[in-house]
Protein chains: 2
Amino acid sequence: MELTERQKQILRAVVDIYISTAEPVGSKAIAALPDVSFSSATIRNEMAELTQLGLLEQPHTSAGRIPSPAGYRLYIDELMQDYRLSLDETRSLNEALELKSQEFDKMMSQVGKLVSKMTNLPAYTVASRRSEAVAKHFDLIMAGPGSIILVLMLSGEVVKNKLVKLPVNVSEAELKLLSAVLNASLTDLTADEISGELLEKISRSAGSAAPLVPLVMDFTLESLRQQHGDVHLTGQMRLLGQPEYRDAAEKAQEVFETLDEDMLSNLPAVLPRDGPVQFLVGPENVAKELKDTSVVMMRFDIGDGMQGTIGVVGPTRMEYAKITAKLGYFAENLGRMFQKTNPNLPPKLPDGSENEE
Amino acid sequence: MELTERQKQILRAVVDIYISTAEPVGSKAIAALPDVSFSSATIRNEMAELTQLGLLEQPHTSAGRIPSPAGYRLYIDELMQDYRLSLDETRSLNEALELKSQEFDKMMSQVGKLVSKMTNLPAYTVASRRSEAVAKHFDLIMAGPGSIILVLMLSGEVVKNKLVKLPVNVSEAELKLLSAVLNASLTDLTADEISGELLEKISRSAGSAAPLVPLVMDFTLESLRQQHGDVHLTGQMRLLGQPEYRDAAEKAQEVFETLDEDMLSNLPAVLPRDGPVQFLVGPENVAKELKDTSVVMMRFDIGDGMQGTIGVVGPTRMEYAKITAKLGYFAENLGRMFQKTNPNLPPKLPDGSENEE
DNA sequence: TGTTAGCACTCCATTCCTCTGAGTGCTAAA
DNA sequence: TTTAGCACTCAGAGGAATGGAGTGCTAACA
């Protein structure tokens, strides 16, 4: 059944007001809006209807209405109005985007911190693969007596390294030989394409460095099979700034016990192929502990089979429009930064820039 | 002025009881302890004395006593009894110590998570240098058309890498040449020893790869000057499990706004040269926002001029003895793990193992 | 038929009060 | 010097009273 225009208007108003006040919304508050021309009694009738439809909820008889999860969902899918970032906001986002570090992992972690700060909510970032990883380059560097550093470069410009303590004595020349062998025979192969025979062949050509081969291979296979990079979750405490968690520290704790890295790293998988943004509203979330929590996530392209995901975690009552706008801005500019030749290009300015606070 | 044995006993009892109950301690509670042979009236007199000395405080006239910061300090320095880890605790610490990753940074971050979990408090880890850093090895790897990966190994077995977008076209052979030049002329030099002349000389020998030199050098110098690695702070939310923060989310938030990475990374500096452990009790802390917060930190040796620091953050009322014992156990075993040939050695078991809960 | 004003009713949140009990300090006796 | 006893204090729990926001319903109106 389709809502009337007026019902939509009222639903949108309830969500908008509730999002900004965190208080149940009464009929009078809506009647007082500038573009509402009908009386509070009419609104009461419509609200009763919307409640019946399961789009609104009433904490108790003598309270106003709050959106139900279904109400939020409808709001997000159909009613939400695009938030236009104000010039001020754009400016501070731009400032934020001047990332200091240029090491990939640190950048991701910094991005998370920025997003958390700009939205005043907990945020996370993950980099994940969209295609099978292959090894691109091996490097074995003498680190000291008895130990070497194994540097492994994968597709997606991911670099991993590991300190390996040598089980046997190996000379520098032998190391050179081994890395040459590895580079010659293992590059551009996926984990599955690396066969046992191949490994034996390598071991044979490695001479006295052969005992190193399994150590190197374990690390390589493990790295190749990793579907995503580190999860950077920050700003957890900001959740406490939200009225719904202010006096419910326990609930906030629970949220973050549930929302561990495993879970976060798997979230990008639910991102739709077509849109870069995805909302998980309250009970749509995976775990029941998160039933009052929502997540907005945004994908950005890193190129070479990798994608980044930025997510913001907050109460179901979240400024979806604003957050989406900010994440979108981040995503767009990060995508460009990660792909373009010069990472220090200034971020692109938005076309128009009027706010709508 | 020196405390009498009885006063010490009472002070210790107050701290011990308050630490475990978080409630002001009355004279009766102490009189009820098994090894107390004097009456509650006597204890009242002594407590009045200790209050006068500034070692105890009284929230209000009809409440028991709680330790003052000075009281905690005296407790830590003189009265605290070593906590003997129970077999159970040792066992779970050992399990925890089976770190999965063997990449240094990830290990540090995992250690933080473990410590936080085992103490049920927020924890952090930092690695920092104890001596000047020098470059140990340079490596330039072709990553794709127009970009290379610069891998830099420093003393302390620290490996850094950065994706560099090429300003000019450079052939693989030229890259090889450049890395050879870098390795020949820059290794074992500190940041200060790298002079402008040296750089010019390198640029000249680098041929058409010369435009790369400043890019490489900026990164190298920056890395050499870095005094400490990433700070890994986790488990912030666990602070909320503590009664003093349960309904003071605001305060908890404040703590973590103050306790940022900058600050944490500078904390190891206050570690005394002689002891591996340091306590910052309440107002001894640097910032006034932390006046109700304490930090226990423990150093462990990584070797090669590096040290690691594990810290636990909690309310002033913290289980100092237990936490110190656990941190000590971690530190000892980590020190061994990071230094010994085989990182998979099982952790050393403690000599005796009876608990004292 | 749809809209609105008016009104009785509901119920949460706040305030204020009382009361209880834990704990103290002091005094006087042992 | 220690201890029993006692009057006193005060935070916190529990409960009643109050205020007010918001509702649903009815009846009048366009």
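The exercises below work through a predicted model.

**Exercise 1.** Find out whether A:N161 is buried or exposed, and which residues surround it.

*Solution.* Step 1: locate the residue. A:N161 sits in strand β6 of chain A, which covers residues 158-165. Step 2: check its accessible area. The relative value for A:N161 is 16%. Buried means under 20%, so A:N161 counts as buried. Step 3: list its contacts, leaving out residues up to four places away in sequence. From chain A, A:N161 touches A:I149, A:L150, A:V151 and A:F219. From chain B, A:N161 touches B:E103 and B:V159.

**Exercise 2.** Work out how chains A and B are related.

*Solution.* Step 3: compare the interfaces. Of the interface residues of chain B, 100% are also interface residues in chain A, so the copies meet through the same surface.

**Exercise 3.** Describe helix α7 of chain B and what its buried residues pack against.

*Solution.* Step 1: look at its length. Helix α7 of chain B spans residues 172-186, and its 15 residues reach 21 Å from first C-alpha to last, close to the 21 Å expected. Step 2: pick out buried residues. Among them are B:L175, B:L178, B:V181 and B:L182. Step 3: find their partners. The buried residues of α7(B) pack against β4, β5, α8 and α9 of chain B. Step 4: see what comes after. B:D188, with a positive phi near 65°, follows α7(B).

Notes
Residues are numbered from 1 along each chain as its sequence is written. Chains are lettered from A and ligands numbered from 1 in the order in which they are written. This is a predicted model: local features need pLDDT of at least 70, side-chain atom pairs count only at pLDDT 80 or more; totals for chains, interfaces and linings use all residues. Side-chain values use heavy atoms; hydrogens and water are left out. Helices (H or I, at least four residues) and strands (E, at least two) are DSSP runs, numbered from the N terminus. Buried means under 20% relative accessible area, exposed over 50%, partly exposed in between (1.4 Å probe, protein chains only). Contact means heavy atoms within 4.5 Å. Copies are superposed by least squares on the C-alpha atoms of residues with pLDDT of at least 70 in both. The expected span of a helix is 1.5 Å times one less than its number of residues.
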